[in-house]
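Subject: Structure handover

Hello,

My notes on it follow below.

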Amino acid sequence: MMMSEKVKILVVEDHALVRKGLLALLTAKPDLEVVGEAVDGIEAIHMVKSCSPDIILMDLEMPRKDGIYAIREIRQQQPQIKILVVTSYTDEQHVIAAIRAGANGYLLKTTVPDDLLRAIRGVMLGQLPLDPAITSTVIRELEKPEVDLPIWPDNLTDREVSVIKLIARGYSNIRIAEDLMISDRTVSTHVGRILAKLELENRTQVALYALRKGLADLE
């Protein structure tokens, strides 16, 4: 989507006080539009069909079905929707499960408002916001044996490898296009082919894959 348009947001949070605080923050910004709110994973899945958000702010621990379940279901139904986790959990189980399910970023509820707004806009540009508090968790995941990683495909082109390295550094499509001196559309084409060849679901997974393969680092 063009960033000149309003970003349509679905807020999924079971605690009313937190949810209302998010709504107040988001609705005050002219470039953001809250199109729905849900209190659990089941409601979130139904709301996605009716309000067609660009991005979802997703809590993890909720009644009925949790955020991990909702992320997986939404990824299967509408993979183009961005999902930014906003939660209180910093443990490895939640962090890695959310990323593997298809989350496009992971923030904590202690994140200051300006950083949350920056992350929302960044996700829409293809960036991968991760809260600094979970960096060590991500590092531990990267240090695990590679037995569960997809096999490095022989048909990746040199240009696609370059794009993978820049994705791992958190670059948006626009920034990648500038660095490689190609068009945004060409970058999008490369990203689509990379996801298909690596059999991954989103850029976050590509970034983690590249980090574990030693193609980039967290610096």
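Start with Glu 160. This residue is buried, with a relative accessible area of 2%. Please keep in mind that the model is predicted.

Which residue does Glu 160 pair with? Its salt-bridge partner is Lys 197, and the closest N and O atoms are 2.8 Å apart. Lys 197 is partly exposed, at 24% relative accessible area. The cut-off for buried is under 20%, so Glu 160 at 2% falls under it.

The search of the whole structure gives 9. One of them joins Glu 37 and Lys 20, with 3.5 Å between the closest N and O atoms. Why does this pair tie separate parts together? Lys 20 sits in helix α1 and Glu 37 in strand β2, so the bridge links parts 17 residues apart in sequence. Both ends are partly exposed: Glu 37 has a relative accessible area of 31%, and Lys 20 has 45%.

The elements around that pair are worth a look. Strand β1 (residues 7-12) and strand β2 (residues 32-38) run parallel, joined by 6 bridges. Val 7 is opposite Leu 32 of β2. Together, β1, helix α1 (residues 16-27) and β2 form a right-handed β-α-β unit.

Asp 179 and Arg 175 meet at 3.6 Å, N to O. Both are in helix α8 (residues 173-180), 4 residues apart, which is about one turn of the helix. Asp 179 counts as partly exposed at 38% relative accessibility. Arg 175 is also partly exposed, with a relative accessible area of 37%. There is a network too: Glu 13, Asp 59 and Lys 109 are joined by salt bridges that share partners.

Last, the rings. How many aromatic pairs turn up? The count is 0, by the rule of ring centres within 6.5 Å. Lys 65 lies over the face of Tyr 69, 4.9 Å from the ring centre.

Best wishes

How values were computed
Residues are numbered from 1 along each chain as its sequence is written. This is a predicted model: local features need pLDDT of at least 70, side-chain atom pairs count only at pLDDT 80 or more; totals for chains, interfaces and linings use all residues. Side-chain values use heavy atoms; hydrogens and water are left out. Rings of Phe, Tyr and Trp (its six-membered ring) pair if their centres lie within 6.5 Å; planes under 30 degrees apart count as stacked, over 60 as edge-to-face and the rest as tilted. A charge sits over a ring if NZ of Lys or CZ of Arg is within 6 Å of the ring centre and within 35 degrees of the ring normal. Two strands pair if DSSP finds at least two bridges between them. Helices (H or I, at least four residues) and strands (E, at least two) are DSSP runs, numbered from the N terminus. A crossover is right-handed if, with the strands pointing away from the viewer, the path from the first strand over the helix to the second runs clockwise. A salt bridge is a side-chain nitrogen of Lys or Arg within 4 Å of a carboxyl oxygen of Asp or Glu. Buried means under 20% relative accessible area, exposed over 50%, partly exposed in between (1.4 Å probe, protein chains only).
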